[in-house]
Amino acid sequence: MPLSPLDIHNKEFGRAFRGYDEDEVDDFLERVIQDYEALIRQNKELEERMEQMNERLQHFTNIEESLSKAIIVAQETSEEVKSNARKEAQLILREAEKNADRIVSEALNKSRKIALEVEEVQRHAAIFRARFRSLIQAQLEMLESGEWERFDEDVASNTKEPAIFSHPTA
């Protein structure tokens, strides 16, 4: 157990013949007591300061751990956001490809339908042309045949007024 200043102050030495000067020993002990008390005070102050520094160190260590955890969480969140963004982009891309395929398919179906309609119209036009040509040829043949002359003669002979249509008061 270490000595206290009080232990030094209360220490009594036995008397011996031709011993040390008592006043000189007392003065020296007094100086030792003062120096020892100063060292004890300084040691206490240093211990208190060391405790404060340890508390601050612990505080900063806690802050460092919190920041490290926050950085790790931020990195994980960042990676998760990137991953989700990639997945969403792939989903959007697949959806766009599906829509593009659907639009192309619809356009091809419409173009096939229109092509069929055009063929149908062309076929009807060809039939109409053929019938019209046939009609015109028949009319030309009729015009070139002698039947018109007979028709003219029949019309002329029929234009004479028959007797049954004459007025009786005449």
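Which helix supplies the largest share of the lining of the largest pocket? The answer is helix 2, with six residues. (Helices here are DSSP runs of H or I with at least four residues, strands are runs of E with at least two, and both are numbered from the N terminus.)

Before going on, a note on what you are viewing: this is a predicted model, in which local features need pLDDT of at least 70, side-chain atom pairs count only at pLDDT 80 or more, and totals for chains, interfaces and linings use all residues. Residues are numbered from 1 along each chain as its sequence is written, and side-chain values use heavy atoms, with hydrogens and water left out.

**Stop one: the whole chain.** Zoom out. The protein chain has three helices and zero strands, giving the pattern α-α-α along the sequence. With a radius of gyration of 66 Å, well over the 15 Å that the globule rule gives for 170 residues, the chain is more spread out than a compact globule. (This radius is taken over C-alpha atoms, and the rule is 2.2 Å times the number of residues to the power 0.38.) Along the principal axes, the C-alpha atoms fill a box of roughly 205 × 40 × 20 Å. Of the 170 residues, 2% count as buried, where buried means under 20% relative accessible area, exposed over 50% and partly exposed in between, with a 1.4 Å probe and protein chains only.

**Stop two: the largest pocket.** Select Phe13, Arg15, Glu22, Val25 and Asp26, the closest to the pocket's centre of the 16 residues that line it. Helix 1 (5-10) and helix 2 (22-144) are the elements that each give two or more residues to this lining. A pocket is an open set of points on a 1 Å grid over the protein atoms alone, with protein on both sides within 12 Å along at least five of seven lines; lining residues have an atom within 4 Å of a point.

**Stop three: Phe13.** Now select Phe13 in the loop between helix 1 and helix 2. Leaving aside residues up to four places away in sequence, Phe13 touches Val25 and Leu29; contact means heavy atoms within 4.5 Å. The C-alpha atoms of Phe13 and Val25 are separated by 9.8 Å.

**Stop four: Lys87.** Move to Lys87 in helix 2. Is Lys87 buried or exposed? Lys87 counts as exposed because its relative accessibility is 52%.

Notes
On a 1 Å grid over the protein atoms alone, a cavity is a set of points where a 1.4 Å probe fits but cannot get out, and a pocket is an open set with protein on both sides within 12 Å along at least five of seven lines; lining residues have an atom within 4 Å of a point.
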